[in-house]
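Please read the following account with the sequence and the three-dimensional view side by side. The paragraphs go from the overall fold to strand pairing, and then to individual side chains.

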Amino acid sequence: MRRFILIPLFCSFFFVFSQDLKIKDTRSGLFSIGLRTTASTFNGNGENGSIGAGGHFRLQLSNRINTEWYFDYLPATNKYTRRSDLHIGWSVMFYLLKNPTPKVQPYVVAAHCFDRTYQFELADKTNYASRASSAVQAGIGTHFNLTPRFDISLCCQYMIHLGKDLHSHVDNGVVTFEKHANKNLEGHLLTSLSLNYKIADLWKSRRKK
């Protein structure tokens with residue numbers, strides 16, 4: 001509930017400070033920051049989905065290529081266990097339209113991240129397991145450019161873990177954790193909604209006037 005209260009406040013803040021952004025020749029060098037909420041679904045192994053929070057910054061390399069450097073924290077509580085996932089990674093976005101500043105800006109995205117998972121039994125916190133791995137993602141998204149500086153972005157990506165999979169089993173009320181090699185490339189769907197604000201043009205001084 002607290003996250004939903006904060007979102008209108010951040011929107012108001014971004015609109016107040018959304019002055020015109022002067023661009024020369026290209027949009028490369030634009031630096032922005034963002035807040036995001038991410039939902040993880042289709043997790044497999046009977047595990048519930050999760051909704052988490054995170055943040056990122058973007059550095060645009062050209063009119064059609066942007067990069068995003070992000071972290072996400074996704075907690076999930078099931079009947080017997082609690083699971084926490086921390087993702088730290090980077091994405092490359094390719095814009096599908098030649099127009100560098102449309103109101104609606106669709107893109108395809110590919111990403112890589114490092115993933116830390118910690119899971120424990122609710123009734124006995126000494127019964128736990130953890131694992132570190134990496135993952136790759138790919139998907140589609142779009143920016144809704146409300147002002148030259150402020151956008152709301154929606155993105156859907158499918159994540160595949162490259163390391164071992166960690167999941168829980170419950171047999172007659174006894175909780176055990178297992179790690180298995182992820183041979184079938186099973187993953188989960190990540191859907192992110194973010195608020196983003198362009199704060200600087202890092203390469204402006206290097207451009208020809």
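The description below begins with the origin of the coordinates and then turns to the fold.

The structure is a predicted model, in which local features need pLDDT of at least 70 and side-chain atom pairs count only at pLDDT 80 or more, while totals for chains, interfaces and linings use all residues. Residues are numbered from 1 along each chain as its sequence is written, and side-chain values use heavy atoms, with hydrogens and water left out.

Read from the N terminus, the order of elements is α-β-β-β-β-β-β-β-β-β-β. Eight of the strands close into a barrel in the order 1-2-3-4-5-6-7-10, with antiparallel pairing; two strands are taken as paired if DSSP finds at least two bridges between them. The twist from one strand to the next averages 25°, with axes being lines fitted to C-alpha atoms (for helices over the stretch in contact) and angles running from 0 to 180 degrees between N-to-C directions.

Of the 209 residues in the protein chain, 44% are buried, a term that means under 20% relative accessible area, against over 50% for exposed and partly exposed in between (1.4 Å probe, protein chains only). The accessible surface of the protein chain is about 11700 Å², and carbon and sulfur atoms account for 64% of that surface; the areas come from the Shrake-Rupley method with a 1.4 Å probe, and for residues only the protein chains shown count as cover. Among contacts between residues at least 6 apart in sequence, 65% join residues at least 24 apart, a contact being heavy atoms within 4.5 Å.

Strands of a sheet pair through backbone hydrogen bonds, either parallel or antiparallel. Strand 3 (residues 65-77) and strand 4 (residues 81-95) are antiparallel partners over 13 bridges, and a hairpin of three residues joins strand 3 to strand 4. Within this pairing, Tyr73 stands opposite Leu86 of strand 4. Strand 4 also pairs with strand 5 (residues 104-121), again in the antiparallel sense and over 15 bridges; here Ser84 has Tyr118 of strand 5 as its bridge partner, and Tyr95 has Tyr107 of strand 5.

Charged side chains come next. Side chains of opposite charge can pair when their charged atoms come close. The whole structure holds seven salt bridges, each defined as a side-chain nitrogen of Lys or Arg within 4 Å of a carboxyl oxygen of Asp or Glu. One of them joins Arg83 and Asp85, at 2.8 Å from N to O; Arg83 is buried, with a relative accessible area of 10%, and Asp85 likewise counts as buried at 10% relative accessibility.

Another salt bridge is formed by Arg131 and Asp115, whose closest N and O atoms are 3.1 Å apart. This pair links distant parts of the chain, with Arg131 in strand 6 and Asp115 in strand 5, 16 residues apart. Arg131 and Asp115 are both buried, the relative accessible area of Asp115 being 3%. The side chain of Asp115 also makes a polar contact of 3.4 Å with that of His87, a polar contact being a pair of N or O atoms within 3.5 Å; within protein, one must be able to donate a hydrogen and the other to accept it, and residues adjacent in sequence count only if both atoms are side-chain atoms. Beyond four places away in sequence, the residues that Asp115 touches include Asp85, Leu86, Ser133 and His161.

Asp151 and Lys198 form a further salt bridge, with closest N and O atoms 3.8 Å apart. Asp151 lies in strand 7 (residues 150-161) and Lys198 in strand 10 (residues 187-201), so the pair ties together parts that are 47 residues apart in sequence. Both Asp151 and Lys198 are buried, and they belong to a network of salt bridges that also links Arg36, Arg58, Glu68 and Asp72.

Finally, Asn127 is placed in the loop between strand 5 and strand 6 (128-145). The side chain of Asn127 makes a polar contact of 2.9 Å with the side chain of Glu121, and a polar atom of the Asn127 side chain lies 2.9 Å from the backbone oxygen of Val175. Asn127 and Val175 are 48 residues apart along the chain, and their C-alpha atoms are separated by 8.1 Å.

Notes
Helix = DSSP H or I, 4+ residues; strand = E, 2+ residues; numbered from the N terminus.
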